[in-house]
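I open this notebook to record what I looked up in one structure. The entries follow the order in which I consulted the model.

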Amino acid sequence: MKYSSLIIFVTGIVFLSCACTGSDTNNSVTSSGDSSISVSKKDVINEGFRNKEAQSKLTPDSVLHILQLGNLDYTGDNLVIRNTSERIRKASLGQYPAAVILSCLDSRVPVEDVFHCGIGDLFVARVAGNISNEDILGSLEYGCKVSGAKLVVVLGHEYCGAVKSAIDDVKLGNITALLGKIRPAVMQLDTFSGDKSSKNAAFVEAVCRQNILNTIRAIRMNSPILMDMENKGEIKIVGAEYHMETGRVDFF
Ligand SMILES: [Zn+2]
(Lines give C-alpha, C1' and ligand atoms only; values in the text may rest on other atoms or scores of the structure.)
Protein backbone atom coordinates (compact mmCIF):
# COMPACT_ATOMS: atom_id res chain seq x y z
CA MET A 1 0.00 0.00 0.00
CA LYS A 2 1.34 3.42 -0.96
CA TYR A 3 2.19 5.85 1.83
CA SER A 4 -0.54 8.36 0.92
CA SER A 5 -3.09 5.57 0.66
CA LEU A 6 -2.09 4.34 4.08
CA ILE A 7 -2.70 7.79 5.58
CA ILE A 8 -6.20 7.90 4.08
CA PHE A 9 -6.83 4.33 5.17
CA VAL A 10 -5.88 4.92 8.76
CA THR A 11 -7.66 8.28 8.91
CA GLY A 12 -10.79 6.57 7.66
CA ILE A 13 -10.48 3.89 10.26
CA VAL A 14 -10.27 6.44 13.02
CA PHE A 15 -13.17 8.43 11.59
CA LEU A 16 -15.31 5.32 11.94
CA SER A 17 -14.24 4.82 15.49
CA CYS A 18 -15.04 6.52 18.73
CA ALA A 19 -11.92 5.31 20.40
CA CYS A 20 -9.71 8.32 19.88
CA THR A 21 -9.92 12.05 19.89
CA GLY A 22 -7.64 14.83 20.93
CA SER A 23 -5.10 17.23 19.51
CA ASP A 24 -4.96 18.65 16.02
CA THR A 25 -1.31 17.87 15.50
CA ASN A 26 0.32 15.29 13.26
CA ASN A 27 1.79 12.25 14.93
CA SER A 28 3.86 9.30 13.84
CA VAL A 29 2.83 5.83 14.89
CA THR A 30 5.07 2.81 14.65
CA SER A 31 3.06 -0.34 14.28
CA SER A 32 3.98 -3.80 15.47
CA GLY A 33 5.45 -4.28 12.01
CA ASP A 34 8.25 -2.15 10.64
CA SER A 35 6.12 0.52 8.97
CA SER A 36 5.70 4.07 10.24
CA ILE A 37 2.53 5.99 9.47
CA SER A 38 1.47 9.60 9.91
CA VAL A 39 -2.11 10.45 10.72
CA SER A 40 -3.73 13.86 10.68
CA LYS A 41 -5.57 13.98 13.95
CA LYS A 42 -7.70 16.88 12.68
CA ASP A 43 -9.83 14.13 11.18
CA VAL A 44 -10.25 12.28 14.40
CA ILE A 45 -13.67 12.75 15.94
CA ASN A 46 -15.54 11.34 18.83
CA GLU A 47 -18.73 9.78 17.51
CA GLY A 48 -19.87 8.62 20.90
CA PHE A 49 -20.72 5.14 22.03
CA ARG A 50 -19.86 2.48 19.45
CA ASN A 51 -22.71 0.53 17.91
CA LYS A 52 -22.74 -2.87 16.20
CA GLU A 53 -22.36 -1.41 12.72
CA ALA A 54 -19.27 0.60 13.72
CA GLN A 55 -17.78 -2.46 15.41
CA SER A 56 -18.33 -4.59 12.31
CA LYS A 57 -16.29 -2.14 10.20
CA LEU A 58 -13.24 -2.57 12.41
CA THR A 59 -10.43 -4.99 11.61
CA PRO A 60 -7.71 -6.31 13.93
CA ASP A 61 -5.17 -3.99 12.32
CA SER A 62 -7.43 -0.94 12.43
CA VAL A 63 -8.08 -1.52 16.13
CA LEU A 64 -4.35 -1.80 16.73
CA HIS A 65 -3.82 1.59 15.08
CA ILE A 66 -6.66 3.10 17.10
CA LEU A 67 -4.98 1.95 20.30
CA GLN A 68 -1.64 3.32 19.13
CA LEU A 69 -3.21 6.70 18.41
CA GLY A 70 -4.95 6.67 21.75
CA ASN A 71 -1.63 5.99 23.44
CA LEU A 72 -0.16 9.02 21.67
CA ASP A 73 -2.95 11.13 23.18
CA TYR A 74 -2.15 9.67 26.59
CA THR A 75 1.58 10.37 26.42
CA GLY A 76 0.93 13.80 24.88
CA ASP A 77 -1.41 14.94 27.67
CA ASN A 78 -4.29 15.11 25.19
CA LEU A 79 -6.88 13.00 27.00
CA VAL A 80 -10.43 14.35 26.95
CA ILE A 81 -13.37 13.33 29.08
CA ARG A 82 -15.67 11.29 26.88
CA ASN A 83 -17.70 9.37 29.46
CA THR A 84 -20.53 11.86 29.26
CA SER A 85 -23.99 11.20 30.63
CA GLU A 86 -25.15 10.54 27.05
CA ARG A 87 -22.56 7.79 26.61
CA ILE A 88 -23.43 6.33 29.98
CA ARG A 89 -27.09 6.11 28.95
CA LYS A 90 -26.27 4.56 25.56
CA ALA A 91 -24.02 2.00 27.22
CA SER A 92 -27.02 0.56 29.00
CA LEU A 93 -28.38 -0.64 25.64
CA GLY A 94 -25.49 -2.99 24.80
CA GLN A 95 -21.75 -3.15 24.22
CA TYR A 96 -19.63 -3.49 21.09
CA PRO A 97 -15.99 -3.11 22.24
CA ALA A 98 -13.08 -3.03 19.82
CA ALA A 99 -10.50 -4.96 21.83
CA VAL A 100 -9.84 -7.09 24.87
CA ILE A 101 -6.89 -6.02 27.00
CA LEU A 102 -5.37 -8.60 29.35
CA SER A 103 -3.45 -6.36 31.73
CA CYS A 104 -1.49 -6.71 34.94
CA LEU A 105 -3.24 -5.61 38.11
CA ASP A 106 -0.80 -2.72 38.66
CA SER A 107 -2.48 0.51 39.80
CA ARG A 108 -0.02 2.57 37.77
CA VAL A 109 -1.38 1.27 34.46
CA PRO A 110 -4.82 2.88 33.94
CA VAL A 111 -5.77 0.82 30.91
CA GLU A 112 -8.62 2.86 29.42
CA ASP A 113 -6.65 6.08 29.79
CA VAL A 114 -3.49 4.48 28.38
CA PHE A 115 -5.38 3.94 25.11
CA HIS A 116 -7.63 7.01 25.41
CA CYS A 117 -10.74 4.88 25.48
CA GLY A 118 -14.06 5.35 27.23
CA ILE A 119 -17.15 3.45 28.24
CA GLY A 120 -17.85 0.56 25.90
CA ASP A 121 -14.58 0.75 23.96
CA LEU A 122 -12.60 -2.03 25.67
CA PHE A 123 -12.98 -5.22 27.62
CA VAL A 124 -10.29 -5.20 30.31
CA ALA A 125 -9.26 -8.38 32.12
CA ARG A 126 -6.81 -7.76 34.93
CA VAL A 127 -4.70 -10.20 36.89
CA ALA A 128 -1.28 -9.77 38.50
CA GLY A 129 1.40 -10.66 35.97
CA ASN A 130 -1.07 -10.73 33.05
CA ILE A 131 -1.16 -14.53 33.03
CA SER A 132 -3.91 -16.69 31.59
CA ASN A 133 -6.01 -19.37 33.19
CA GLU A 134 -9.33 -21.00 32.41
CA ASP A 135 -11.37 -18.04 33.66
CA ILE A 136 -9.28 -15.50 31.78
CA LEU A 137 -9.58 -17.59 28.61
CA GLY A 138 -13.33 -17.72 29.05
CA SER A 139 -13.38 -13.95 29.39
CA LEU A 140 -11.26 -13.48 26.26
CA GLU A 141 -13.48 -15.88 24.32
CA TYR A 142 -16.56 -13.99 25.47
CA GLY A 143 -15.03 -10.69 24.41
CA CYS A 144 -14.11 -11.91 20.93
CA LYS A 145 -16.43 -14.75 19.94
CA VAL A 146 -19.60 -13.52 21.62
CA SER A 147 -19.15 -9.74 21.69
CA GLY A 148 -17.15 -9.14 18.53
CA ALA A 149 -13.86 -7.64 19.76
CA LYS A 150 -11.19 -7.74 17.03
CA LEU A 151 -7.95 -7.63 18.99
CA VAL A 152 -6.51 -9.30 22.10
CA VAL A 153 -3.67 -7.37 23.73
CA VAL A 154 -1.57 -8.98 26.46
CA LEU A 155 -0.27 -5.89 28.27
CA GLY A 156 2.70 -6.16 30.60
CA HIS A 157 4.69 -3.31 32.06
CA GLU A 158 8.06 -2.21 33.37
CA TYR A 159 8.90 -2.63 37.05
CA CYS A 160 6.20 -5.28 37.48
CA GLY A 161 5.93 -6.37 41.11
CA ALA A 162 4.51 -9.76 40.14
CA VAL A 163 7.45 -10.39 37.81
CA LYS A 164 9.90 -9.29 40.51
CA SER A 165 8.25 -11.61 43.02
CA ALA A 166 8.42 -14.49 40.54
CA ILE A 167 12.13 -13.83 40.07
CA ASP A 168 12.54 -13.86 43.86
CA ASP A 169 10.45 -17.07 44.00
CA VAL A 170 8.23 -15.60 46.71
CA LYS A 171 6.03 -18.07 48.60
CA LEU A 172 2.93 -16.54 50.20
CA GLY A 173 -0.60 -17.84 50.32
CA ASN A 174 -2.41 -17.92 46.99
CA ILE A 175 0.27 -15.65 45.52
CA THR A 176 2.52 -18.74 45.27
CA ALA A 177 0.32 -20.42 42.67
CA LEU A 178 -0.03 -17.19 40.71
CA LEU A 179 3.72 -16.65 40.59
CA GLY A 180 4.10 -20.27 39.49
CA LYS A 181 2.54 -19.22 36.20
CA ILE A 182 5.23 -16.55 35.71
CA ARG A 183 8.16 -18.69 36.86
CA PRO A 184 8.60 -20.44 33.46
CA ALA A 185 9.57 -17.07 31.99
CA VAL A 186 12.27 -16.70 34.64
CA MET A 187 13.61 -20.17 33.93
CA GLN A 188 13.60 -19.56 30.15
CA LEU A 189 16.01 -16.66 30.68
CA ASP A 190 18.60 -18.86 32.30
CA THR A 191 21.17 -17.77 29.72
CA PHE A 192 20.54 -14.02 30.34
CA SER A 193 23.88 -12.26 30.59
CA GLY A 194 24.06 -10.06 33.65
CA ASP A 195 22.55 -9.95 37.09
CA LYS A 196 19.55 -12.28 37.17
CA SER A 197 17.91 -10.70 40.19
CA SER A 198 14.84 -8.55 40.72
CA LYS A 199 17.18 -5.61 41.38
CA ASN A 200 18.27 -5.60 37.73
CA ALA A 201 15.64 -3.64 35.77
CA ALA A 202 16.92 -5.07 32.48
CA PHE A 203 16.37 -8.62 33.71
CA VAL A 204 12.93 -7.76 35.11
CA GLU A 205 11.95 -6.31 31.73
CA ALA A 206 13.31 -9.35 29.88
CA VAL A 207 11.23 -11.65 32.09
CA CYS A 208 8.22 -9.38 31.61
CA ARG A 209 8.50 -9.70 27.83
CA GLN A 210 9.04 -13.45 27.97
CA ASN A 211 6.02 -13.76 30.25
CA ILE A 212 3.88 -11.84 27.76
CA LEU A 213 5.00 -14.20 24.99
CA ASN A 214 4.25 -17.19 27.21
CA THR A 215 0.75 -15.87 27.91
CA ILE A 216 0.10 -15.40 24.19
CA ARG A 217 1.33 -18.94 23.54
CA ALA A 218 -0.92 -20.27 26.31
CA ILE A 219 -3.93 -18.44 24.89
CA ARG A 220 -3.37 -19.96 21.45
CA MET A 221 -2.69 -23.42 22.89
CA ASN A 222 -5.58 -23.55 25.32
CA SER A 223 -8.29 -21.70 23.41
CA PRO A 224 -9.22 -23.44 20.15
CA ILE A 225 -11.89 -20.78 19.69
CA LEU A 226 -9.43 -17.87 19.72
CA MET A 227 -6.85 -19.84 17.74
CA ASP A 228 -9.44 -20.54 15.05
CA MET A 229 -10.55 -16.88 14.97
CA GLU A 230 -6.93 -15.77 14.60
CA ASN A 231 -6.26 -18.28 11.83
CA LYS A 232 -9.30 -16.94 9.96
CA GLY A 233 -8.10 -13.35 10.37
CA GLU A 234 -11.08 -12.42 12.52
CA ILE A 235 -8.86 -11.37 15.42
CA LYS A 236 -5.21 -10.81 16.24
CA ILE A 237 -3.46 -11.61 19.49
CA VAL A 238 -0.55 -9.27 20.23
CA GLY A 239 1.78 -8.45 23.09
CA ALA A 240 2.49 -4.99 24.44
CA GLU A 241 4.67 -3.42 27.09
CA TYR A 242 3.80 -0.26 29.03
CA HIS A 243 6.75 1.97 29.92
CA MET A 244 6.32 3.45 33.35
CA GLU A 245 8.32 6.63 32.93
CA THR A 246 6.76 7.73 29.64
CA GLY A 247 3.39 5.98 29.43
CA ARG A 248 4.34 4.71 25.99
CA VAL A 249 3.10 1.29 24.90
CA ASP A 250 5.26 -0.78 22.58
CA PHE A 251 3.41 -3.48 20.66
CA PHE A 252 5.19 -6.62 19.56
ZN1 LIG B 1 2.59 -5.90 37.13
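**Entry 1. A helix pair.** I began with the crossing of α6 and α11, which is left-handed; the term applies when the near helix is turned anticlockwise from the far one by less than a right angle, and right-handed applies if clockwise. Helices (H or I, at least four residues) and strands (E, at least two) are DSSP runs, numbered from the N terminus. I noted that the axes of α6 and helix α11 (residues 224-231) come within 9 Å and cross at roughly 40 degrees. This makes α6 oblique to α11. Axes are lines fitted to C-alpha atoms, for helices over the stretch in contact, with angles running from 0 to 180 degrees between N-to-C directions. Angles under 35 degrees count as roughly parallel, over 145 as roughly antiparallel, 65 to 115 as roughly perpendicular, and the rest as oblique. I then listed the residues that meet: Leu140, Glu141, Cys144 and Lys145 from α6, and Ile225, Leu226 and Met229 from α11. Contact here means heavy atoms within 4.5 Å.

**Entry 2. Basis of the values.** I record that this is a predicted model, in which local features need pLDDT of at least 70 and side-chain atom pairs count only at pLDDT 80 or more, while totals for chains, interfaces and linings use all residues. Residues are numbered from 1 along each chain as its sequence is written, and side-chain values use heavy atoms, with hydrogens and water left out.

**Entry 3. The whole protein.** I found eleven helices and seven strands in the protein. Of its 252 residues, 49% count as buried; buried means under 20% relative accessible area, exposed over 50%, and partly exposed in between (1.4 Å probe, protein chains only). Among contacts between residues at least 6 apart in sequence, 73% join residues at least 24 apart.

**Entry 4. The zinc ion.** Which protein atoms are the donors of the zinc ion? I found Cys104 (SG), His157 (NE2) and Cys160 (SG), lying 2.0 to 2.3 Å from the zinc ion. The spacing of these donor residues in sequence is C-x52-H-x2-C. Cys104 belongs to the loop between β3 (99-103) and α5 (111-114), and His157 to strand β5 (residues 151-157), so the pair ties together parts that are 53 residues apart in sequence. Donors are N, O and S atoms within 2.8 Å of the metal (3.2 Å for Na, K and Ca); water is not among the atoms, so sites may look incomplete. I also noted that Cys104 is buried at 5% relative accessible area, and that His157 is buried at 1%.

Entry 5. I counted zero disulfides in the structure, a disulfide being a pair of cysteine sulfur atoms within 2.5 Å.

**Entry 6. Positive phi.** Most residues other than glycine have a negative phi. I noted that His116 has a positive phi, near 50 degrees. His116 sits in the loop between α5 and β4 (122-126) and is buried at 3% relative accessibility. Tyr159, also not a glycine, has a positive phi of about 55 degrees. Tyr159 lies in the loop between β5 and α7 (161-167) and is partly exposed at 31%.

**Entry 7. Two loop residues.** I placed Ser147 in the loop between α6 (134-146) and β5, buried with a relative accessible area of 10%. Leaving aside neighbours within four places in sequence, Ser147 is in contact with Gln55, Tyr96, Pro97, Phe123 and Tyr142. Arg50 lies in the loop between β2 (36-40) and α2 (52-56) and is buried at 2%.
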